[in-house]
Amino acid sequence: MSINVKTFARLADAAGALTQERGARFLAGGTLVMRALNEADPGIETVVRSTDPGLTHIGLSSGRVELGAGVTMAAILAERELAYLHPVARAVGGPAVREAATVGGNLLAPSPYGDFAAALLALEATATLAGGFGQRELPLDELLGRRERGAVLVASVAFKRPAPDAFRFLKVTRVHPKGVSVLSIAAQVPLSGGRVNGARIAYGAMAPSPVRAKAAERALEGRSLDAAGVAPALAAAHDGTAPADDAIASAWWRREILPIHLRRLLLGEQSARHS
Ligand SMILES: Cc1cc2nc3c(=O)[nH]c(=O)nc-3n(C[C@H](O)[C@H](O)[C@H](O)COP(=O)(O)OP(=O)(O)OC[C@H]3O[C@@H](n4cnc5c(N)ncnc54)[C@H](O)[C@@H]3O)c2cc1C
């Protein structure tokens, strides 16, 4: 079967094509879409691309960070101002994948993919969606929480730069150094007078799409980051999760190890990507 490839200079036109064309799929870095095409996925009849320069824009101003949806993991690794995100970008596949893999593609990648999306959730990012009639912004957890995302086209994501040392990330994988996640955890734990003030925690591979751990966040509020202080958050760690059994790990195993790794992350015992 032949595939139509449509390339648009404006993202708005690409968004229009995604809603109008039958079996249309947006192509970003293509690490997953090209695989699907090579496997002759019958659901893809038209590939939609865009050369809109906004897609690859990185904006850093007055404590706000904006990443075009087409920004790659390699581009993030090349930006010193985004050093807190380097462990996350480095955790996505191997070097060849990172050259192509984009922020937008990571948001829409099926679980257990989505390590970067988990980080963006913990940073309380908003997503700007492109549409034929303009753009609109919505919280990322709202976008990721939708059961049916339809022909959504993400233009960019934006978030407030985290306080120094407040952002943490870990990824658990069985294949080193570039395996897919058993799970990943991202957390933003700002401290005020030695107490957590405004915790944000998100998991990758613990639900059909990356999720916020809101019960654990609440349990951490006002607590200190020591063994006794984090205990209530660990007790609430599973709330809102629904991990899958897949080729990487069983749901049971994911549940078993989640509190262990959350504890390590919160106590600062593990900052590396693998375990
Ligand atoms: C060998 C290998 C290893 C990998 N390892 C990891 C890993 O460790 N961690 C991880 O998280 N992922 C991993 N991935 C998955 C994938 O590479 C990443 O999630 C990547 O970020 C996807 O981005 P992409 O630009 O390549 O997406 P594409 O393949 O272009 O697209 C993926 C999906 O997202 C949609 N999409 C892309 N951009 C947009 C947009 N702007 N708006 C709306 N929809 C969009 C596409 O239509 C498609 O449905 C791996 C993939 C491979 C092949």
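In this predicted model, Lys171 and Asp115 form a salt bridge, with 3.1 Å between the closest N and O atoms. The two residues lie in distant parts of the chain, 56 residues apart: Lys171 belongs to strand E9 (residues 167–173) and Asp115 to helix H7. Lys171 has a relative accessibility of 2%, so it counts as buried. Asp115 has a relative accessible area of 6%; because buried means under 20%, Asp115 is buried too.

The helix that carries Asp115 can be taken next. H7 covers residues 115–122, and eight of its eight residues are buried, so the helix is largely enclosed by the rest of the structure. Besides Asp115, the buried residues of H7 include Phe116, Leu120 and Leu121. After H7 comes Glu124, which has a positive phi near 55°. Glu124 is also part of a network of salt bridges that links it with Asp141, Arg200, Arg212, Lys214 and Glu217.

Side chains of opposite charge can pair when their charged atoms come close. Over the whole structure, a search finds 12 salt bridges. One of them joins the side chains of Asp41 and Arg25, at 3.9 Å from N to O. This pair also connects distant parts of the chain, 16 residues apart, with Asp41 in the loop between helix H2 (33–38) and strand E3 (46–50) and Arg25 in strand E2 (residues 24–26). Asp41 is partly exposed at 27% relative accessibility, and Arg25 is partly exposed at 34%.

A further salt bridge pairs Arg254 with Asp246, whose closest N and O atoms are 3.2 Å apart. Here Arg254 is buried, with a relative accessible area of 1%, whereas Asp246 is partly exposed at 29%.

Notes. Residues numbered from 1 in each chain as written. Predicted model: local features only at pLDDT ≥ 70, side-chain atom pairs only at ≥ 80, totals over all residues. Heavy atoms only, no water. Buried < 20%, exposed > 50% of the residue type's maximum accessible area, 1.4 Å probe, protein only. Helix = DSSP H or I, 4+ residues; strand = E, 2+ residues; numbered from the N terminus. Salt bridge = Lys/Arg side-chain N within 4 Å of Asp/Glu carboxyl O.
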